[in-house]
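Please read the numbered points beside the sequence and the structure.

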Amino acid sequence: MKRFRLAALLAAATIALLPATASADVSYPDPLPLTGRQIIHDPTVTRLKNGSYVAYSTGGVIGARLSTDLHHWDDAGNAFTTPPSWWYDYNSTADPWAPDLSYRDGRYWLYYAVSSWGTNHSAIGVATSKTGMPGTWTDHGPALTSRTTDAWNAIDPAVIRADGKLWMVFGSYWTGIRMVELNPSTGKAVADTPVQHLATRPDAPYAVEGPYIVEHGRHYYLFASYDACCAGVNSTYKIRVGRSTTVTGPYVDSTGKPMLEGGGDLLLAGHGRYIGTGGESVFHDRGQDWLAYHYYDADDSGTPKLGLNRLSWTKDGWPSLRQGRG
């Protein structure tokens with residue numbers, strides 16, 4: 001957000017005259033039918049050790065939803081009961097964005113962004129919990145920050161373990177998607193770590209953000225949200241993907257075009273009532289990969305809602321989407 005950044009709003013204004021379903025394609029599967037509390041933005045989803053599913057998202061003090069079956073979702077409050085004081089250094093209302101949930105070393109780890117519209121004076125925070133449940137998180141402060149003099153924006157984090165190391169991919173606009181190595185003990189960026197460059201667009205405002213990396217087979221897959229979010233039915237968010245044999249890249253699409261040159265296979269775009277699909281993450285549950293994302297519901301005044309699709313893999317090793325279970 002992801003989230004009403006000035007750059008995203010400017011991009012949305014540029015394309016506002018396009019029809020909301022301009023990218024409609026009947027080949028895109030609809031998301032899994034859901035009930036209950038579906039309003040969400042930038043979801044990260046996982047199945048906890050207690051057997052329930054949790055979805056954290058932008059909104060509130062990192063809003064939480066709980067489910068027992070992936071179909072029905074209930075409001076579960078927020079990850080934090082009160083905002084950590086340092087958040088106010090980056091956002092006057094202590095409004096966190098775009099969380100990422102993972103599990104390692106006997107704890108759940110929650111990464112999230114704190115920033116303001118139209119600036120890369122930003123920070124990615126880190127918190128831990130033994131259960132992963134809302135209200136149980138202990139915050140550990142910033143894991144990575146960016147300044148207005150930097151060529152990247154420290155928001156939209158996602159963490160992956162690869163090659164015996166811990167990595168965090170992040171970025172939004174400001175020349176695109178980046179990656180740093182993390183200290184596995186603290187969960188924070190290694191001191192003086194190089195900032196890798198994974199993906200960008202050839203044209204300003206470099207509208208790519210919300211990265212997520214998945215390992216499958218002998219490749220790493222970089223998913224990212226392209227174009228404009230946060231404009232309701234005028235949003236043009238879509239999800240593209242490339243792959244690499246090493247986690248730090250280079251990532252290319254199925255034609256061989258590098259993601260550093262604007263490449264990326266289109267995985268999911270708006271169709272029918274499901275507008276501006278993006279803010280994605282991937283989770284694995286009992287042998288099945290799932291793509292979680294938000295869309296803007298054209299049948300409900302553009303309200304952002306949770307989308308879930310099964311993530312499958314072609315014989316050539318590229319991701320594809322299906323609806324529902326089975």
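1. A disulfide is a pair of cysteine sulfur atoms within 2.5 Å. The structure holds 1 disulfide, formed by Cys-229 and Cys-230 with their sulfur atoms 2.2 Å apart. The torsion about the S-S bond of Cys-229 and Cys-230 is about -60°, so this disulfide is left-handed.

2. The model is predicted: local features need pLDDT of at least 70, side-chain atom pairs count only at pLDDT 80 or more, and totals for chains, interfaces and linings use all residues. Residues are numbered from 1 along each chain as its sequence is written, and side-chain values use heavy atoms, with hydrogens and water left out.

3. Cys-229 is buried, at a relative accessible area of 0% (buried means under 20%, with a 1.4 Å probe and protein chains only). Cys-230 also counts as buried, at 5%.

4. Ser-225 lies in strand S15 (residues 219–226); strands are DSSP runs of E, at least two residues, numbered from the N terminus. Ser-225 is buried because its relative accessibility is 0%. Its side chain makes a polar contact with that of Glu-280 at 2.5 Å (a pair of N or O atoms within 3.5 Å, one able to donate a hydrogen and the other to accept it; residues adjacent in sequence count only if both atoms are side-chain atoms).

5. In strand S12 (residues 177–182), 5 of the 6 residues are buried. S12 pairs with S11 (residues 165–170) in the antiparallel sense over 5 bridges, where pairing requires at least two DSSP bridges. Glu-181 in S12 is the bridge partner of Trp-167.

Terms used:
Helices (H or I, at least four residues) and strands (E, at least two) are DSSP runs, numbered from the N terminus. Buried means under 20% relative accessible area, exposed over 50%, partly exposed in between (1.4 Å probe, protein chains only).
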